[in-house]
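Thanks for coming. I will go through one structure today, a piece at a time, so please have a look at it before I start.

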Amino acid sequence: MKGKTGIGTWIGFVLIMIWCLLPVAWILSLSFKSLDETTAGSAQFLPKDPTLENYSAILENGDFTRALINSFGIAIIATVLSVIFATLAAYAIARLEFKGKRLVLSMALAIAMFPVVSLVGPLFDMWRTFHLFNTWPGLIIPYMTFTLPLAIWTLSAFFREIPWEMEQAAQVDGATSWQAFRKVIVPLAAPGVFTAAILTFFFAWNEFVLAISLTSTTASRTVPAQMSFFVGPDPFNPPFGQLATASVIVTIPVIIIVLLFQRKIVSGLTSGAVKG
């Protein structure tokens, strides 16, 4: 019975991996196909004559490189600000007793679950009035609105698990409240901080609705929004090879981050859920 169970587990694992990785493999293969091959509509998985034309064309595309810079800048700034504010807010929620604490957490969760599409119209009108339309702050602010609640929930769970006595011991040794927080509490909550930062970065990096609605030029348009403008000279034959190539290039930073910080991600997602 154990042998049959093990074989069934492996078969299920292989099927799930194929199901998940097949679209990725197809996009990667498509990025190496020539324009003639993709236009002909060939259903062959591997390219007949592999080429790097799509990669050279994408990297030489000024609009795409500008969008790539925008994505990096906006995602990094939104991540840093969200983590800083979330760390302070989560510490206050975890350590201090005040009226309305549960209400604050409930409101944060409600904001995180609020549909993004319903905010596009009001934000579009407000940003044009405040001259934030088609600017980096015009995307960073709404990104922080949706990433802060998630980061606060993640970090507050970690701060609750840190023994209060460690902070008191630091203060007995002469540290101020700020020094105890910065040198004792934050390092102990590092897995949670990394988890909140990575989740925030992924949201800002992949977000599409706000990026396409609150921008009008390549001055602040991010990669997901810019890819929707890859129509090519013929509207009936989109440049599928270049779209696949852009998808591969955009995915590379995400893969690198996951590979570099996979241990901290796993630790951050599991440590806060265990008491004791």
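I begin with helix 13. Its buried residues include Gly241, Leu243, Ala244, Thr245, Ala246, Val248, Ile249, Val250, Pro253, Val254 and Ile257. Buried here means under 20% relative accessible area, exposed means over 50%, and partly exposed is what falls in between, with a 1.4 Å probe and protein chains only. Helices are DSSP runs of H or I with at least four residues, strands are runs of E with at least two, and both are numbered from the N terminus.

A word on where this comes from. The model is predicted, so local features need pLDDT of at least 70 and side-chain atom pairs count only at pLDDT 80 or more, while totals for chains, interfaces and linings use all residues. Residues are numbered from 1 along each chain as its sequence is written, and side-chain values use heavy atoms, with hydrogens and water left out.

Back to helix 13, residues 240-260. Its 21 residues reach 31 Å from the first C-alpha to the last, close to the 30 Å expected at 1.5 Å a residue. The expected span is 1.5 Å times one less than the number of residues. Helix 13 also has a kink of about 25° at Thr251, shortly before the proline Pro253. The bend at a residue is the angle between axes fitted to the seven residues ending there and the seven starting there.

Now the whole chain. It has 14 helices and zero strands. Of its 276 residues, 39% count as buried. A contact means heavy atoms within 4.5 Å. Among contacts with a separation of 6 or more, 73% are between residues 24 or more positions apart.

Next, the core. A nonpolar core is a set of buried Ala, Val, Leu, Ile, Met, Phe, Trp, Tyr and Cys residues joined through side-chain atoms within 4.5 Å. In soluble globular proteins, nonpolar side chains tend to be buried together. The largest core here has 57 residues, and those with the most contacts inside it are Phe64, Tyr143, Leu155, Phe159, Trp205, Leu210 and Val223. Helix 4 gives the most to this core, with 12 residues.

What does Phe64 touch, leaving out residues up to four places away in sequence? The list is Ile58, Val223, Phe230, Ala246, Ile249 and Val250.

Asn70 sits in helix 4, residues 62-95. Asn70 counts as buried because its relative accessible area is 0%. Beyond four places in sequence, Asn70 touches Trp136, Thr218, Ala219, Ser220, Arg221 and Thr222. Arg221 in turn lies over the face of Phe229, at 4.1 Å from the ring centre. Lys33 lies over the face of Trp26, at 5.4 Å. The rule for this is NZ of Lys or CZ of Arg within 6 Å of the ring centre and within 35 degrees of the ring normal.

Rings also pair with rings. Rings of Phe, Tyr and Trp (its six-membered ring) pair if their centres lie within 6.5 Å; planes under 30 degrees apart are stacked, over 60 edge-to-face, and the rest tilted. The whole structure has 11 aromatic pairs. One of them is Phe32 with Tyr55, tilted, at 5.3 Å centre to centre and 40° between the planes. This pair links parts of the chain 23 residues apart: Phe32 is in the loop between helix 1 and helix 2, and Tyr55 is in helix 3. Ring pairs also join Tyr91, Phe159, Trp178 and Phe181 into a cluster.

Now helix 7, residues 136-161. Its 26 residues should span 38 Å at 1.5 Å a residue, and its end C-alpha atoms are 36 Å apart, so the two agree. A kink of about 35° lies at Thr147, shortly before Pro149. Thr147 is one of the contacts of Thr200, along with Ala78, Thr79, Ser82 and Ala151, setting aside neighbours within four places in sequence. Thr200 is in helix 10, and counts as buried because its relative accessibility is 2%.

Last, the loop between helix 6 and helix 7. Most residues other than glycine have a negative phi. In this loop His131 has a positive phi, near 60°. Asn134, also in the loop, has a positive phi of about 65°. Is each exposed or buried? His131 is exposed because its relative accessible area is 67%, whereas Asn134, at 15%, is buried.
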